[in-house]
Amino acid sequence: MKENMSSFRNIFVYKCLFALTFWNHVNLFVENELLVPAPNNFPEDGSGQEIQTLALMHTNRRQSSFDWVVIQNTTESLSLSEITNNNVKNLRALLSNFRQGSRLQNLTLTNVSVNWKALMDIFQTVWHSSIEYFNVNNVTQLSNIEKYAFNYSGTSMKALIVKKILITDLYFIQDDLYRIFADMNIADMTIVESDMIHMLCPSSESPFRYINFLKNDLTDLLFQNCENLIQLEALILQRNKFESLLKVSFMTSHMKSLKYLDMSNNLLHHDGADVQCQWAESLTELDLSSNQLADAVFECLPVNIKKLDLQNNQISSVPKGMADLKSLEELNLASNRLADLPGCSGFTSLRFLNTEMNSILTPSADFFQSCPRVRELQTGHNPFKCSCELQDFIRLEKQSGGKLFGWPAAYVCEYPEGLRGTELKDFHLSELACNTVLLLVTALLLTLVLVAIVAFLCIYLDVPWYVRMTWQWTQTKRRAWHNHPKEQETVLQFHAFISYSEHDSLWVKNELIPNLEKGEGCVQLCQHERNFIPGKSIVENIINCIEKSYKSIFVLSPNFVQSEWCHYELYFAHHKLFSENSNSLILILLEPIPPCVIPARYHKLKALMAKRTYLEWPKERGKRALFWANLRAAININLPVAEENKCGETD
């Protein structure tokens, strides 16, 4: 933004560029009170070209006066040095020869050691000469300051630059010093690096258009309630001791033409106040960089501002709704404490934004939607966290036309540590990893597929049924342990438990039971009709009978696989087979069972029939004797059967 000051300073600076031409080792002399160069110093080519710039030096430091070299009416720029009280008279005599209409326009005095009256006499002489641009550097030993009747009338002066004034007079009336400068009738005044603590308001309407008080000790008291700077367009107060932004705004309120204000490198702060800030309505460029301003600064800004520099402050966010700067085009927020890019709800005309060197981890991806007029975004050198959100921001930026200034060198990953140093242009994540909707849809589909597979298997394998049976078996065992905690193991009471379908009961009662219980080597069988205990649940009776039996005989037929209770009995017997690692199952195939008839939940039966040997009931009577012999051999075991449970007897 400071570069824009050239528009204000070009009106006089170009004439202040003093190109110096030195004659080394020349003999100088005085002729008729006008000081001219020796004839042998003119151009040898005889061209008669006018000398426009001349350096004038003190060539004899032991003498009390200067020796000068000057060409009257041909010199535009004059540079003098080592001015003292002893040669002020000669200097004034020299300058008095350049009356208005002369070509001399630029004068520079360097290393001036004079008292106050001598300095004012020099200024007064300059004021009534042809000089327009007066530059004074290193003024020291400025003493005996008193009121001076300065005559400002009839001057050609346009600009004054004073740099490094050292005042040695400790006791003087400050108005005597400041009034001389405040009432100068020139367009541009610069007083820099001079430890100046104050400046008076001009006595009447001032022609000042440009004032530069860089690097002084000015405070909030400057130009308060001053109504005579209505033509001032540019004011530079950089590197002073201003503290209150509110008072700075009041200072400008009467400057009706002020366009540019530089308040950088001060001590400004603004904590919010009941009193509203009052800025000059004409102010369009404001530099508040390198101060102590926080978020509240946005409630104290000129409404018509176009270029605003808030670099190097303590701003952590741009509060929404606090500032309505519709004319703002350029905003510099570099070197603050921002955690995200500001929106443009209050900056509808914003075209340039600088947020470098803040604390932005992941810029908001909706920035370019919020700020459609931004042509350049400068947000490099932030501690970027390489994540999906950051990748979305980069993608949107590219779609908006590549507005990132400094890309790609200034945009580097800081987090996570494994990606530190990686340029953002080389950082990529898959679409699935970054698209939340796609990720959720994919996860949902996979979940649905998994649920469908599990549901299908549960239905096909009748898992709920097995879970229910396992639960019932566990509950039955728990109740049995609770009722008989001292029993270490179940006492076997039966050789075998018979499981069959009610449709096959005739074969069981007429063939199986009589041949096993009444034949040789009597077998004690457990049958539900005579051994189930009344009052207990069917499941509990099944479990008890299976556990009290050495073997479990299953009479298989198409009727068996259609019976729910047969399924229960087969499940519990199979559970005992694996839990006790026993060989307790005996399968009798009463009738052939087509595979298509066996339900899916009978997968254990299919597995048993595929892996275990089963006894098939022979249709031929001649083979039945062998069948019974094999069955008895499979059941054979000696049991401690009580007298009341002898073979052939029923409960």
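Which residue does the side chain of Arg179 meet in a salt bridge? In this predicted model, the partner is Asp183, with 3.3 Å from N to O. A salt bridge is counted where a side-chain nitrogen of Lys or Arg lies within 4 Å of a carboxyl oxygen of Asp or Glu. The count by this rule is 12 salt bridges. Residues are numbered from 1 along each chain as its sequence is written, and side-chain values use heavy atoms, with hydrogens and water left out. Local features need pLDDT of at least 70 and side-chain atom pairs count only at pLDDT 80 or more, whereas totals for chains, interfaces and linings use all residues.

Helices (H or I, at least four residues) and strands (E, at least two) are DSSP runs, numbered from the N terminus. Glu233 counts as buried because its relative accessibility is 17%, while Arg209, at 32%, is partly exposed.

In a further salt bridge, the closest N and O atoms of Arg420 and Glu414 are 3.6 Å apart. Arg420 is partly exposed at 44% relative accessibility, as is Glu414 at 28%. A network of salt bridges links Arg92, Lys117 and Asp121.

An open sheet is formed by 5 strands in the order E20-E19-E21-E22-E23, with parallel pairing. Two strands are taken to pair if DSSP finds at least two bridges between them. The edges are held by strand E20 (525-526) and strand E23 (615-616); each has a single partner strand, so one side of each lacks a neighbour in the sheet. Strand E22 (residues 585-589) and E23 run parallel and are joined by 2 bridges. Leu589 has Glu616 of E23 as its bridge partner.

Helix H11 (residues 505-517) packs on the sheet and touches strand E19 (494-499), E20, strand E21 (549-556) and E22, contact meaning heavy atoms within 4.5 Å. The direction of H11 makes about 145° with that of E21. Axes are lines fitted to C-alpha atoms, for helices over the stretch in contact, and angles run from 0 to 180 degrees between N-to-C directions. Helix H13 (residues 538-547) lies across E19, E20 and E21, at about 120° to E21.

Conventions:
Buried means under 20% relative accessible area, exposed over 50%, partly exposed in between (1.4 Å probe, protein chains only).
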